[in-house]
Amino acid sequence: MTDYQLVARAQDGELPAFEELVRKYQREVYGLACRLVSDAEEARDLTQQAFLQAFVHIRSFRQQAQFRTWLFRIAINQCYSYLKNRRKFGDMVDADEVTLTADESPERDLVTQEERRRLYAALARLPAKQRAVITLKVEQGLSYEEISQVLGGTAGAARVNYCQALKTLKKYLKGENDYEMAVRTAPAAVARIPRR
Amino acid sequence: MKWRCVLLQRRLPEYLDGELTGFWSRLIKAHLETCPQCQQELEALAQVVQALKAAPVEDPGPEFWAQFNREMHLKLVQTAHEAETSPAPAPKWQFRIPLYLGAPALAVLLLWAIMHFTAAERPVLIQQPQMTQAPTQTLPVPLDEQVEESYALVTMDEGAGAAEMDEDLTTLDLDPVLAQLTEKEREALLKKLRSQEKDGSCVTLPSSVSWA
């Protein structure tokens with residue numbers, strides 16, 4: 001059954017149709033929330049909140065856009081709200097503690113783990129909007145037009161944001177590399193260097 | 001860095017995605033063959049994208065999603081139940097009634113007030129009775145109006161008679177006229193004739209003198 005039909009049935013008050021939509025998009029929304037808030041538990045709660053919001057307002061959705069982009073927009077607004085509150089109350093997540101998987105397999109390659117940690121740390125340093133653009137573009141495969149529908153603004157602005165986000169991420173990753181090479185060669189000297 | 005490199009490096013992420021149009025794609029491709037700096041930049045960006053794609057958010061597993069769906073189902077049922085039991089929100093049009101009807105109601109009120117308070121000062125147009133037109137009305141009219149109308153007709157007749165008398169006094173033989181008049185009318189006529197005689201506008205008539 002297509003999204004259009006499922007949404008139409010959900011608008012008529014059929015709960016199973018909406019639950020079908022939940023099952024269809026829960027992984028994508030959860031992945032987006034994970035990228036944005038860098039916290040698996042919070043991401044799960046935010047995903048559920050996003051679906052509940054969508055359920056409450058499903059009747060106001062006129063199917064002019066895709067249900068997927070509409071859902072992403074709700075999820076991103078939930079994440080922004082959460083990040084705003086977290087910033088307000090000073091609850092910062094340490095990038096070293098970010099574990100986005102439920103259980104770590106022991107046979108995982110240590111090098112890959114390290115690369116992943118560095119990547120998450122660099123992503124966590126990006127502004128929320130750039131993180132959202134990168135996630136939507138690279139992981140969800142949205143076009144610039146769809147990204148502009150999710151985040152607001154124009155397709156051109158989404159393209160510029162994506163370019164800027166990639167360059168900033170590259171710079172952070174390069175900075176992490178430089179920092180780590182310096183730690184290995186001269187730990188005493190590097191201890192005095194501010195990380196940021 | 002050359003200006004051309006700055007210009008083209010802005011488009012490198014799109015070049016990586018293959019979303020550039022033919023012109024820009026050919027331009028960047030030609031430039032990359034000659035510019036090692038831009039080649040390096042492109043490789044670095046490609047590595048970043050590759051790293052992002054290689055490290056997606058891992059799936060938490062079927063148990064996680066089973067638990068997630070159970071919780072989600074309970075929350076959805078609860079939300080649906082609350083939506084059914086809670087009173088329906090008032091439709092917007094109920095709040096729009098005063099907005100839409102307020103202005104016309106105020107306008108009507110103002111119009112009524114203006115008409116009401118200026119009605120006392122408005123000049124009343126009273127139709128004067130037309131002297132030359134003879135009354136030809138045959139419709140039944142109220143008693144008060146009949147009295148007023150008859151009075152008006154009497155005055156009109158009297159006026160007309162006086163006018164005729166003024167015109168005919170010089171040549172009129174008064175005796176038959178006076179004989180038809182009542183005592184009162186006769187006195188009034190003679191009084192008028194005497195006043196006109198004093199003015200010189202009338203000559204003395206033997207019959208009238210004899211009457212006097």
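Two residues are in contact if their C-beta atoms, placed from the backbone, lie within 7 Å. Keep that cut-off in mind for the first stop. The model on screen is a predicted one.

**Stop 1: where the chains meet**

Show chains A and B together. The contact draws on 32 residues of chain A and 28 residues of chain B. Now select, in chain A, helix 2 (15–37), helix 3 (40–56), helix 5 (110–125), helix 6 (128–139) and helix 8 (155–185); these are the elements that give two or more residues to the side touching chain B. Helix 2 of chain A contributes the most to that side, with ten residues. Colour the side of chain A that touches chain B by residue type: 18 residues are nonpolar, four are polar and ten are charged.

**Stop 2: S38(A)**

Is S38(A) buried or exposed? S38(A) counts as buried because it has 22 C-beta neighbours inside 10 Å, and 20 or more are required for that label.

**Stop 3: Q63(A)**

Move on to the loop between helix 3 and helix 4 (67–89) of chain A and select Q63(A) there. Q63(A) is not a glycine, yet its phi is positive, at about 60°. How many other C-beta atoms lie within 10 Å of Q63(A)? There are 12, so Q63(A) is exposed; the label applies at 12 or fewer.

Key
Residues numbered from 1 in each chain as written. Chains lettered and ligands numbered in written order. Predicted model: local features only at pLDDT ≥ 70, side-chain atom pairs only at ≥ 80, totals over all residues. Helix = DSSP H or I, 4+ residues; strand = E, 2+ residues; numbered from the N terminus. Nonpolar A, V, L, I, M, F, W, Y, C, P; charged D, E, K, R; others polar.
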